[in-house]
Amino acid sequence: YERDVAAPTRDGRRLYVDIYRPKDQVDVPVIVAYTPFGKRHWYGQSIAPGLHQAMGVPKGTISVLAAFEAPDPSYWCRNGYAVANVDAAGVGYSEGDFQGMNSQYGRDGADIVEWLAKQKWCNGNVGMAGNSGLAIAQWFVAAECPPSLKCIAPWEGTADFYRESMFPGGIPYAAFAGMIHLSLRGNGLIQDPVEDMKVHPLFDTYWNDYKAKVENTRIPVYATAGYTHPLHLRGTIQSYLKIR
């Protein structure tokens, strides 16, 4: 388990990565969990009764190594994979500002994918997995077509923030975005989506940058969505229909 490994982006910023690997193994594929919520493990721990319990999963199934909404290294490393948890720019100690999930977010993620593929323990094959916020990231990274990204598994992830999250059906919906904004922590500036909604009430070039170009995707995708989650349902289905 390697903590806070510095991975460079194309413009010189460093994003910090936690890497879990099968003991004494090389030439392994890696699953990337690219997150704005903090890469350090805590999801498998019940820090308060009922808080962030994974619904439908028996207690004790998720190990204390699992980050929020991310693959559990305890399971995947035992099955021959490495897991890399990446703090997005501006989150944790990662350098830069958090601009939200847009084309820059995708380019940063693509840079990390290629950096991981070149590590001496990796066989060059990189996948991505994760739920909700970590699923959204996958649509944006896959749209950049990094050569080493071989597949993604976005579970419940929107891909067009204006239509699917901020103004679903044309109706402003700031509550959820505002709650997410207040949960983010880092050393840089952090985008305030509620203020963005006031400045950009209509779909414009600003919001167009927060729409993943999913039609660029040319790799296998395992997408799931729940009918009870309106923020992610449309995005998952529309993205699945548009990928190649």
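**Close-up views of a predicted model**

**Figure 1. A salt bridge joins Arg-21 and Glu-2.** In this predicted model, the side chains of Arg-21 and Glu-2 meet with N and O 3.2 Å apart. The two residues belong to distant parts of the chain, 19 residues apart. Arg-21 sits in the loop between strand E2 (14-20) and strand E3 (28-35), while Glu-2 is in strand E1 (residues 2-8). Arg-21 is partly exposed, with a relative accessible area of 33%. Glu-2 is also partly exposed, at 31%.

**Figure 2. Arg-10 forms a salt bridge with Asp-111.** The closest N and O atoms of this pair are 2.8 Å apart. Arg-10 lies in the loop between E1 and E2, and Asp-111 lies in helix H2 (residues 103-117), so the bridge ties together parts that are 101 residues apart in sequence. Arg-10 is exposed, with a relative accessible area of 57%, whereas Asp-111 is buried, with a value of 14%.

Figure 3. Lys-198 is exposed, with a relative accessible area of 59%. Glu-195 has 38% relative accessibility and counts as partly exposed.

**Figure 4. Five residues are linked in a network of salt bridges.** The members of the network are Asp-4, Asp-18, Lys-39, Arg-40 and Asp-87. The whole structure holds 13 salt bridges.

**Figure 5. Tyr-34 belongs to the largest nonpolar core.** This core has 55 residues, and those with the most contacts inside it are Tyr-34 and Leu-116. Helix H3 (residues 133-143) gives the most to the core, with seven residues. In soluble globular proteins, nonpolar side chains tend to be buried together. Leaving aside neighbours within four places in sequence, Tyr-34 is in contact with Val-86, Ala-88, Tyr-105, Asp-108, Gly-109, Met-128, Leu-134, Ala-137 and Val-141.

**Figure 6. Helix H8 spans residues 230-242.** H8 has 13 residues and reaches 19 Å from its first C-alpha to its last. This is close to the 18 Å expected at 1.5 Å a residue. The buried residues of H8 are Leu-231, His-232, Leu-233, Gly-235, Thr-236 and Ser-239. What covers them includes H3, helix H4 (161-166) and helix H5 (175-181).

Methods:
Residues numbered from 1 in each chain as written. Predicted model: local features only at pLDDT ≥ 70, side-chain atom pairs only at ≥ 80, totals over all residues. Heavy atoms only, no water. Core = buried A, V, L, I, M, F, W, Y, C linked by side-chain atoms within 4.5 Å. Buried < 20%, exposed > 50% of the residue type's maximum accessible area, 1.4 Å probe, protein only. Helix = DSSP H or I, 4+ residues; strand = E, 2+ residues; numbered from the N terminus. Contact = heavy atoms within 4.5 Å. Expected span 1.5 Å × (residues − 1). Salt bridge = Lys/Arg side-chain N within 4 Å of Asp/Glu carboxyl O.
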